[in-house]
Amino acid sequence: AVEGTIRDLAQQQRTVVATVHQPNSEIFDMFGKVILMAKGYVVYAGPAADAVNYFGGLGYRCPDYTNPSDFFMKLLRMETTDQLASLKDDDADQRSEEFITHWKQQGAAYADPTAPPGGLRPSTPLCGLRQQFAALCWRAFVAIFRDKMLFRVRVAQSIFFGVLVGMIFLQLGYDQTDIYARAGVLFFSIMNQGMSPLIGIVHTFPAEQAVVSREWFNGLYTISAYFWSKSIIEIPFMVLYPTVFSSLLYWIVHLNPIFTRFLLYTLILIELSFCATSCGILISALASSVEVALALAPAVMLPLILFGGFFTPGSALPAWCAWMRYGSFFYYAFRAVMCNEFKGETFNCDQTPCFSTGEQVLERYGFGDCEVAVDMVILLAFII
């Protein structure tokens with residue numbers, strides 16, 4: 001029979017979607033598990049063979065020689081029938097509320113004592129971790145290249161801000177006024193490369209949560225496989241955007257001309273992009289929708305930016321909040337690019353007081369003991 005063939009296919013770990021209208025008792029006996037609902041709520045989720053006994057325990061016994069599927073359809077229908085009235089003298093609405101309440105309180109444990117709230121238990125993944133990872137990587141890759149417009153906009157955005165800021169701070173010199181301009185450019189680049197990936201992930205990740213949750217419960221893959229596949233596929237893009245931005249901004253503004261300093265600056269921005277993406281995933285995971293995630297993002301990011309070290313040096317912060325800067329990845333990224341830019345530099349001193357060396361500038365910002373390598377390791381810890 002067709003029903004037997006469908007059952008055999010499903011038992012071979014294949015996904016089968018089918019609609020069965022008014023299944024007879026023979027077909028109902030083929031079902032392994034059933035989910036029964038009333039008023040949009042689950043009132044039973046578990047083995048099909050136990051469903052009759054479950055409702056019998058509530059006082060609604062299935063009459064002998066009655067098809068269980070017909071019995072459940074009448075039992076959960078919103079109108080009262082003479083047959084049900086003889087079983088228990090309640091109206092349909094009260095009966096549904098009774099089923100819903102009982103399932104929330106005791107039904108899940110009846111169906112499966114180890115099941116989480118709601119009575120649904122995630123299945124064991126149907127394939128190995130390597131197969132899950134390969135399939136998810138391919139799906140993430142296709143999803144990214146399917147939305148070519150988003151890719152073009154992100155690249156154009158990096159070019160636009162790199163050129164715009166570069167033209168505003170065109171070819172900075174080594175006068176005293178240029179010191180603060182350099183610090184301003186560096187902090188703007190930190191904010192730009194920190195906010196852009198975070199807002200991007202906050203827009204896209206919550207939309208996938210419902211699909212991921214459903215596929216996880218169906219045992220298609222593990223959460224770790226999904227997370228790492230998505231993260232690895234995003235790596236080339238998280239490297240590309242900061243590289244395009246820094247390649248334009250750095251040389252137009254005329255920051256430290258040593259090429260290794262440029263490479264370090266770019267690498268710091270790439271690490272910052274990874275940190276912001278991780279933070280965006282965390283915010284999205286805590287939010288129930290894109291709207292909630294967008295509301296949470298500024299509440300999280302603005303304090304991190306405020307304690308980034310540009311507006312107020314750490315030594316000038318009140319004692320009760322000075323420690324908060326150590327929880328901001330903007331702080332370590334800004335300290336790293338400042339150290340990379342100013343260490344070993346000299347400036348024209350044509351006024352009093354003045355900063356004649358880059359080390360003095362770093363002391364002014366509270367970064368006198370900075371080490372680029374140390375800050376980059378800390379940023380790596382934030383990513384992990």
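This is a predicted model: local features need pLDDT of at least 70, side-chain atom pairs count only at pLDDT 80 or more; totals for chains, interfaces and linings use all residues.
Biologist: Which elements give two or more residues to the lining of the largest cavity, and which gives the most?

Modeller: The residues that line the largest cavity include Arg154, Asn192, Tyr241 and Ser273. Two or more lining residues come from each of α8 (148–168), α9 (176–217) and α10 (223–253), and α9 gives the most, with four residues. By class, the lining has three nonpolar, six polar and one charged residues.

Biologist: What lines the second largest cavity?

Modeller: With about 30 Å³ of space, the second largest cavity is lined by Leu306, Phe307, Gly308, Gly309, Thr312, Leu317 and Arg325, a set that divides into three nonpolar, three polar and one charged.

Biologist: Turning to the strands, how many bridges join β1 to β2, and which residue is the bridge partner of isoleucine 35?

Modeller: In a regular strand the side chains alternate between the two faces of the sheet. Here β1 (residues 33–38) and β2 (residues 41–47) run antiparallel and are joined by six bridges, and isoleucine 35 has alanine 45 in β2 as its bridge partner.

Biologist: Where in this hairpin is there a positive phi?

Modeller: The hairpin of β1 and β2 has two residues between the strands, and lysine 39 takes a positive phi near 55°.

Note on methods
Residues are numbered from 1 along each chain as its sequence is written. Side-chain values use heavy atoms; hydrogens and water are left out. On a 1 Å grid over the protein atoms alone, a cavity is a set of points where a 1.4 Å probe fits but cannot get out, and a pocket is an open set with protein on both sides within 12 Å along at least five of seven lines; lining residues have an atom within 4 Å of a point. Ala, Val, Leu, Ile, Met, Phe, Trp, Tyr, Cys and Pro count as nonpolar, Asp, Glu, Lys and Arg as charged, and the others, Gly among them, as polar. Grid points are joined across faces, edges and corners, and a volume is the space filled by probe spheres set on the points. Two strands pair if DSSP finds at least two bridges between them.
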